[in-house]
Amino acid sequence: MRRFIKKLVAMVPILVVLVLLVVLASPVSAATTADVAVNATPSFVSITNSPDNYGFGTVVAGSNVSTAQAYFTMVDGSSVNIDVAISCNATWAGGVTWTHDDTGTPGVDTAALKASPNTGAYDIIVKNGTPVNLVANNSGNVTWELRLYAPTSFGDGVLKTNTVTLTATAT
Amino acid sequence: MRRIVTITLALYLLSLVGCAQVNPPPSIQPEGGVPQVEEQEGLQVGEYSYNIVAIPSFGTEGGQVYVGPGKIWIGYTEGMEMYPGARAEYPIQIINKTNKDKRFLVYFKPGASFNEGNLIAPADVIQSWVEVTKPNPALPPNSTSEILIALDIPKEIPNDEVHFWYLTQDGISHLISIISEVKSGLEEEYKAKYGDVWQGKYQDEVTQEIVTGRVHAIPSGELLLYLGKVGSVSERFLATDGFLQPELLNNLHQEGYAIRGNLTTDDWGFLIAIKDTGQTGLVQTEGAIKWLVRMR
């Protein structure tokens with residue numbers, strides 16, 4: 001019996017190592033609670049737009065001028081439906097700059113833009129902040145148009161420019 | 001006795017080994033396509049496949065630039081939801097299939113709306129939680145680059161950052177109609193009051209403060225800032241900004257135009273946009289990847 005106890009004592013370090021190995025080899029049970037799932041949904045989205053420029057020409061204070069209806073074409077080559085949001089810069093650059101108005105209301109040196117997807121309604125306010133959907137859950141090409149609401153008065157007659165951005169996301 | 005001890009030890013060791021298999025890593029069910037499962041230490045990554053957004057190349061460059069995946073779901077497996085203190089990472093890819101050198105801007109963007117039902121997260125809070133490892137990657141022709149995006153939620157989130165407000169689409173339209181109405185009304189008022197010099201007075205006074213005539217005075221600069229941020233703003237932003245005063249907010253809330261969200265319990269989302277900085281036209285395009293987050 002004493003010999004067996006001696007053997008057992010001699011085995012203790014080995015057993016400790018074995019236990020540690022087993023414990024260290026099982027971090028899965030502890031780590032699981034901290035895991036976060038990250039998945040990606042398969043789909044394919046592709047858009048292009050043309051033309052990429054438009055000049056409204058000379059504008060009268062307080063007036064509004066528009067592109068022709070369906071002047072722009074967004075070509076949709078997606079395998080899934082997409083949302084296309086529209087936005088622009090906060091400032092119209094050039095000389096005495098214009099502020100872009102996010103409520104669609106022009107003012108003193110303050111301009112606004114509205115757009116629509118080939119309805120001629122020009123009812124979508126183009127904002128410089130969060131984009132607003134031009135089309136949602138769309139499949140196929142989209143033609144669209146843009147309208148400028150000129151300031152009610154100008155600080156100067158220098159050319160002003162702004163950039164409109166179309167942002168495509170999978171629906 | 002020896003046999004008893006040996007059997008006891010064997011059973012003990014077996015039970016330890018058995019414990020390690022009690023909680024296997026959760027499996028993730030692919031939602032479609034041809035999934036390729038990747039795993040990283042401490043992070044379970046589900047299927048990866050290309051949800052590609054094309055950024056058109058203008059002129060005669062030929063080819064296109066692609067980014068993917070277009071939609072990333074974080075925490076949508078039961079038991080593996082996101083939580084304060086957790087970090088989720090995912091590499092997005094930019095593929096330059098044109099024959100030109102390209103430089104891109106990879107940046108955080110609040111969403112316009114999420115069809116999945118996720119709330120638009122307040123940019124003033126979560127923008128600092130989003131890390132873009134290479135915000136201005138340059139890609140030679142026919143090359144691919146991986147950009148690691150991380151969402152790192154702090155363990156402790158102040159209460160006024162947890163809660164946020166957003167306007168429904170109806171609410172936005174409602175607020176805009178009020179402001180437009182007030183603005184146009186004020187123009188007439190100033191014309192009548194000041195005659196030829198009305199524009200100067202209007203510029204001086206109205207751009208400083210727009211009076212709604214219904215609820216409260218709204219600083220116009222803050223209004224523009226606010227509307228620029230719609231979808232949503234945190235209660236911290238509202239407290240320091242002073243734009244949407246409690247009474248106005250309550251009115252909007254009661255009318256169903258404003259809703260209070262919670263970053264730790266609601267589902268929310270944001271965008272990572274990728275733009276070709278070489279575009280010169282006044283109408284430009286970009287691709288944006290949806291990040292949809294479900295909290296534990």
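Student: Where does Pro51(A) lie?

Tutor: Pro51(A) sits in the loop between E2 and strand E3 (64–66) of chain A. Helices (H or I, at least four residues) and strands (E, at least two) are DSSP runs, numbered from the N terminus. This is a predicted model, in which local features need pLDDT of at least 70, side-chain atom pairs count only at pLDDT 80 or more, and totals for chains, interfaces and linings use all residues. Residues are numbered from 1 along each chain as its sequence is written, while chains are lettered from A and ligands numbered from 1 in the order in which they are written.

Student: What makes the bond between Ser50(A) and Pro51(A) worth a note?

Tutor: That peptide bond is cis, with omega about -5°. Most peptide bonds are trans.

Student: Why does Ala70(A) count as partly exposed?

Tutor: Count C-beta atoms, placed from the backbone: 20 or more others within 10 Å of its own make a residue buried, 12 or fewer make it exposed, and in between it is partly exposed. Ala70(A) has 15 such neighbours, so it is partly exposed. Asn118(A) has 16, so it is partly exposed as well.

Student: Why is Ile47(A) called buried?

Tutor: Ile47(A) has 24 other C-beta atoms within 10 Å, so it is buried. Its place is in strand E2 (residues 43–50) of chain A.

Student: What makes strand E5 of chain B covered on both faces?

Tutor: Lys71(B) and Trp73(B) on one side of E5 (residues 71–74) are buried, and so are Ile72(B) and Ile74(B) on the other.

Student: Which strands pair with E5(B)?

Tutor: Strand E1 (residues 37–40) of chain A joins E5(B) by three bridges, antiparallel. There, Asn39(A) stands opposite Trp73(B). Strand E18 (residues 283–293) of chain B joins E5(B) by four bridges, parallel. Trp291(B) in E18(B) is the bridge partner of Ile72(B).

Student: What makes a set of residues a nonpolar core, and which residues have the most contacts inside the largest one?

Tutor: The members are buried Ala, Val, Leu, Ile, Met, Phe, Trp, Tyr and Cys residues, joined through C-beta atoms within 7 Å. The largest core has 87 residues. Val84(A), Ala115(A), Leu134(A), Ile72(B), Ile74(B), Ile272(B) and Trp291(B) have the most contacts inside it. In soluble globular proteins, nonpolar side chains tend to be buried together.

Student: What does Trp291(B) touch?

Tutor: Contact means C-beta atoms, placed from the backbone, within 7 Å. Leaving out residues up to four places away in sequence, Trp291(B) touches Ile72(B), Ile74(B), Leu151(B), Gly269(B), Phe270(B) and Ile272(B).

Student: Which parts is chain B divided into?

Tutor: Domain 1 is 36–157 + 264–293 and domain 2 is 162–262. The bounds come from an automatic or database domain assignment. Their contact takes 13 residues from domain 1 of chain B and 11 residues from domain 2 of chain B. H2(B) supplies the largest share of the domain 1 side, three residues.

Student: Where in chain A is pLDDT under 50?

Tutor: pLDDT is the predictor's confidence in each residue, from 0 to 100. It stays under 50 over residues 17–33 of chain A. Where pLDDT is low, the predicted coordinates should not be read in detail.

Conventions. Two residues are in contact if their C-beta atoms, placed from the backbone, lie within 7 Å. Two strands pair if DSSP finds at least two bridges between them.
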